[in-house]
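Work through the exercises below with the model open. Each task is followed by a stepwise solution.

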Amino acid sequence: MKAKITLAGELKVGKIDRRIFGSFIEHLGRAVYGGIYEPGHPLADEDGLRTDVIKLINELGVPIVRYPGGNFVSGYDWEDGVGPVEQRPKRLELAWGVTETNQFGTNEFMKWCRKANTSPMMAVNLGTRGPEQARQLVEYCNHKSGSKYSDMRIAHGYQDPWDVKLWCLGNEMDGKWQMGAKTAYEYGRTANEAAKLMKWVDPSIETVLCGSSNRGMATFGDWEATTLDLAYDNVDYVSLHQYYDNRSGDTASFLAKSMELDDFIYSVICVCDFVKAKKRTKKQINLSFDEWNVWYHSNGIPFEKWSVAPHQLEDIYNFEDALLVACLLITLLRHADRVKVACLAQLVNVIAPIFTENGGGAFRQTIFYPFAAMSKYATGVSVKPIIDCPKYDCKEFTDVPYLEAIASWDEEKGEVALFCVNRSLEESLELDINMLGFEGYQVCSFESMDGYDVRQENTFNDERVKMHANPLPEDNGTAVTAQLKPLSFNVIRFKKK
Ligand code: AHR
């Protein structure tokens, strides 16, 4: 098969916000305990933080991490997790049916962020609590001193404020599984008052309104319109959440699911702009896709109720999952003008790119690789290529392009990177890349992930599903011809001479 791509600087979508490569740590399963925090582990530092995991997170390239939930946050009393560790209460954690020991809390997380070279994205509890406790937490984290909660932080040993810039107003508040779930009207009013008070404490923060829990919710669309109408002036982003699965075992349909995401993003932009038009305002609401991933492998695996940090949601990913993750990231970059934040859910052990053993090692799951490559090379602006390629029909979709692609252009560094997935199960794609708008740029590297069985996974001892380098594709000065293997993720980079 043949395909053609034309790249031109004029086809800029928008600046790539680094926060699009964010992730998520929830108090859930072994994400915190046994994941990022394991005192007594041979590689834990003086704060009990696993340095092997921090190393992998740096390699992954995660500029922002959402915390502490997820469903967990909707029942969380943040005061339980601060102050002397030996005085912290154990709690029945209702979201996931476990016991929360509170040995790790807000200050430990902030310290971890600094060490892991990332920034916090905090969520407040708008389920069982409300605006008052939300603004207290902002005061605890961000106010310098001389008030009840800032002085409480100082008394806990943290003189300087943490200066948390991005705040989620609750989590999935339309879901009946959520503690304190709300109607759109109830949530819109609560979120507006919470955001208002939080910004009165610290006007420099940005807030994220909860959108629908996923695109399949019966109230999707209406929920966004109603809540935004009520909270527009005090929020900056609306959230999207979506997880994908291949329960049917149909790879061709599975890999086309990024088309659903494209449509989802477009729909949410339309609702944001509908409310903007209604309000006759210049203020634009952007998107925070703050939970996304493949999630289904671990469903139904039992755990002991009320135990501490059991094995929950521990999906082991395979090669086709990595290919879909690449397609989803490409889709996010295609909307770089409106998607400013995104969080791969989650980061360690719980539906995550990094997997650890308690007391033992850690490995990179298959999905680690496309994420790391794109986080590293997709800098500058996102550029939408003109694509001419054959399409296919499958059980769940029609007109699926075999080629999914996006480019980034970092003018300062003089670099262009092209990210592409060949969705074909059997055929290579001979890809002609026309560098029309990029005179003087020469191909400098070609890496790919290909040649594995779709069900192939990585393990502690065998990280075989990964990126590898290829010989440079043919470059005749204005066009480059690359062979994209069947079922492959490819990164082709160009450098200005
Ligand atoms: O990431 C796992 C869970 O998925 C989160 O707690 C919740 O927000 C979502 O439903």
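**Exercises on rings, backbone and a helix**

Asn102 is buried, with a relative accessible area of 1%; buried means under 20% relative accessible area, exposed over 50%, partly exposed in between (1.4 Å probe, protein chains only). This is a predicted model: local features need pLDDT of at least 70, side-chain atom pairs count only at pLDDT 80 or more, and totals for chains, interfaces and linings use all residues. Residues are numbered from 1 along each chain as its sequence is written, and side-chain values use heavy atoms, with hydrogens and water left out.

**Exercise 1. Locate Asn102 and Ile351 and describe their phi angles**.

Step 1. Asn102 has a positive phi of about 60 degrees, although it is not a glycine. Asn102 lies in the loop between strand E6 (98–100) and helix H2 (106–115). Helices (H or I, at least four residues) and strands (E, at least two) are DSSP runs, numbered from the N terminus.

Step 2. Ile351 is not a glycine either, and its phi is positive at about 35 degrees. Its place is the loop between E12 and E13. At 1% relative accessibility, Ile351 counts as buried.

**Exercise 2. Which residues does a cis peptide bond join, and where do they lie?**

Step 1. Tyr67 and Pro68 are joined by a cis peptide bond with omega about 0 degrees. Pro68 sits in the loop between E4 and E5.

Step 2. The bond from Ala345 to Gln346 is also cis, with omega near -5 degrees. Gln346 is in the loop between strand E12 (339–345) and strand E13 (354–356).

**Exercise 3. How many aromatic pairs does the structure hold?** Classify the Phe21–Phe371 pair and the Trp78–Tyr149 pair.

Step 1. Set the rule. Rings of Phe, Tyr and Trp (its six-membered ring) pair if their centres lie within 6.5 Å; planes under 30 degrees apart count as stacked, over 60 as edge-to-face and the rest as tilted.

Step 2. The structure holds 22 aromatic pairs. For Phe21 and Phe371, the ring centres are 5.8 Å apart and the planes stand at 90 degrees, so this pair is edge-to-face. Phe21 is in the loop between strand E2 (12–15) and strand E3 (22–24), and Phe371 is in helix H10 (residues 368–377), so the pair ties together parts 350 residues apart in sequence. Phe21 is buried at 0% relative accessible area. Phe371 is buried too, at 0%.

Step 3. The rings of Trp78 and Tyr149 have centres 6.0 Å apart and planes at 65 degrees, so the pair is edge-to-face. Trp78 lies in the loop between strand E4 (64–67) and strand E5 (91–93), and Tyr149 in helix H4 (residues 148–155), 71 residues apart. Trp78 is buried at 3%. Tyr149 counts as buried at 10%.

Step 4. Look for a cluster. Ring pairs link Tyr33, Tyr37, Tyr67, Phe104, Phe109 and Trp112.

**Exercise 4. Which ring does the charged end of Arg66 sit over?**

Step 1. A charge sits over a ring if NZ of Lys or CZ of Arg is within 6 Å of the ring centre and within 35 degrees of the ring normal.

Step 2. The ring is that of Phe24, with its centre 4.6 Å from the charged end of Arg66. Arg30 lies over the face of Phe355, at 5.5 Å from the ring centre.

**Exercise 5. Is helix H9 enclosed or exposed?**

Step 1. 16 of the 16 residues of H9 are buried, so the helix is largely enclosed by the rest of the structure.
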